Amino acid sequence: MPINFNRVEFIRSAASPKDFLRDGLPQLAFAGRSNVGKSSVINRIVNRKNFARVGASPGKTSQINYFLLDERAYLVDLPGYGYAKVSKAERDRWGRLMEAYFASGLISWGVMIVDARHKPTADDVTMAEWFYDTGCPLIVVANKLDKLKKSQIEPNLAVIRETLSLRDGDRLVAFSAEKGDGKEQLLALLERTMEA
Ligand code: GDP
């Protein structure tokens with residue numbers, strides 16, 4: 001049965017491993033640098049304007065948000081990384097939470113948002129490696145496509161693919177949360193993850 005991406009419900013936030021959901025439903029873990037547009041991508045996927053909070057305050061950087069998608073899977077919104085203004089204490093909290101989540105064996109698929117305009121940062125590379133270590137397949141979403149000239153798209157995607165060392169089977173989707181480009185392709189990939 002096709003997934004109804006409009007059927008989505010916030011379930012809970014987890015600030016520590018005791019709050020992780022462990023009910024056996026697949027978990028699609030969304031990660032990305034702060035400000036890369038992760039909330040906007042999620043909102044675009046579920047057809048809502050303000051579902052995941054766009055421009056959420058840096059104080060929210062150390063919790064994981066769970067959304068139930070069509071009662072079939074969790075869309076797991078991981079706290080963004082690389083925000084310059086967070087304290088060391090907050091960064092440490094982020095690290096402990098993410099390490100615990102990545103070690104939990106709960107991730108079924110990774111979805112990593114990067115900026116289509118730029119070479120992935122060192123933090124992006126580290127995040128991709130965390131996903132690789134879990135053994136789960138990865139979908140990379142190159143967001144903000146609307147900011148690129150047509151001639152820049154393919155070369156930029158090649159740099160992203162290479163810098164993140166994408167493996168056979170990983171997917172790269174050029175996307176614009178603002179304009180909607182790539183949405184059908186991403187939904188089809190997500191749908192396939194949930195059917196697998
Ligand atoms: P998050 O911190 O990763 O959740 O990022 P947000 O979703 O809050 O987006 C950060 C900023 O990027 C906001 O000003 C968004 O309007 C903008 N943004 C997000 N996606 C796109 C996109 O596809 N194109 C453009 N031009 N701007 C975007």
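Reader: Okay, how many helices and strands does the chain have?

Author: Bear in mind that this is a predicted model. The chain has five helices and seven strands. Reading from the N terminus, the elements go β-β-α-β-β-α-β-α-β-α-β-α. The radius of gyration is 16 Å, close to the 16 Å that the globule rule gives for 196 residues, so the chain is as compact as a globular protein of that length.

Reader: And what does the C-alpha trace span along its principal axes?

Author: About 50 × 45 × 35 Å. As for burial, 50% of the 196 residues count as buried. Among contacts with a separation of 6 or more, 77% come from residues 24 or more positions apart.

Reader: Now the rings. How many aromatic pairs does a search of the whole structure find?

Author: Eight. In general, you describe a pair of aromatic rings by the distance of the centres and the angle of the planes. Take tyrosine 66 and tyrosine 74: their ring centres are 6.1 Å apart and their planes sit at 80 degrees, so this pair is edge-to-face.

Reader: Are tyrosine 66 and tyrosine 74 buried or exposed?

Author: Both are buried.

Reader: Which residues do ring pairs link into a cluster?

Author: Phe20, Tyr81, Trp94, Tyr101, Phe102, Trp130 and Phe131.

Reader: Last one, the surface: how much of it belongs to carbon and sulfur atoms?

Author: The accessible surface comes to about 9,800 Å², and 48% of that belongs to carbon and sulfur atoms. On charge, the chain has 29 positive and 24 negative ones, with mean positions 6 Å apart.

Note on methods: Residues numbered from 1 in each chain as written. Predicted model: local features only at pLDDT ≥ 70, side-chain atom pairs only at ≥ 80, totals over all residues. Heavy atoms only, no water. Phe/Tyr/Trp six-rings, centres within 6.5 Å; stacked < 30°, edge-to-face > 60°. Buried < 20%, exposed > 50% of the residue type's maximum accessible area, 1.4 Å probe, protein only. Helix = DSSP H or I, 4+ residues; strand = E, 2+ residues; numbered from the N terminus. Rg over C-alpha atoms; globule rule 2.2 N^0.38 Å. Contact = heavy atoms within 4.5 Å. Areas by Shrake-Rupley, 256 points an atom, 1.4 Å probe, with all protein chains shown as cover. Lys, Arg positive; Asp, Glu negative; His and termini not counted. Charge placed at Lys NZ, Arg CZ, Asp CG, Glu CD.
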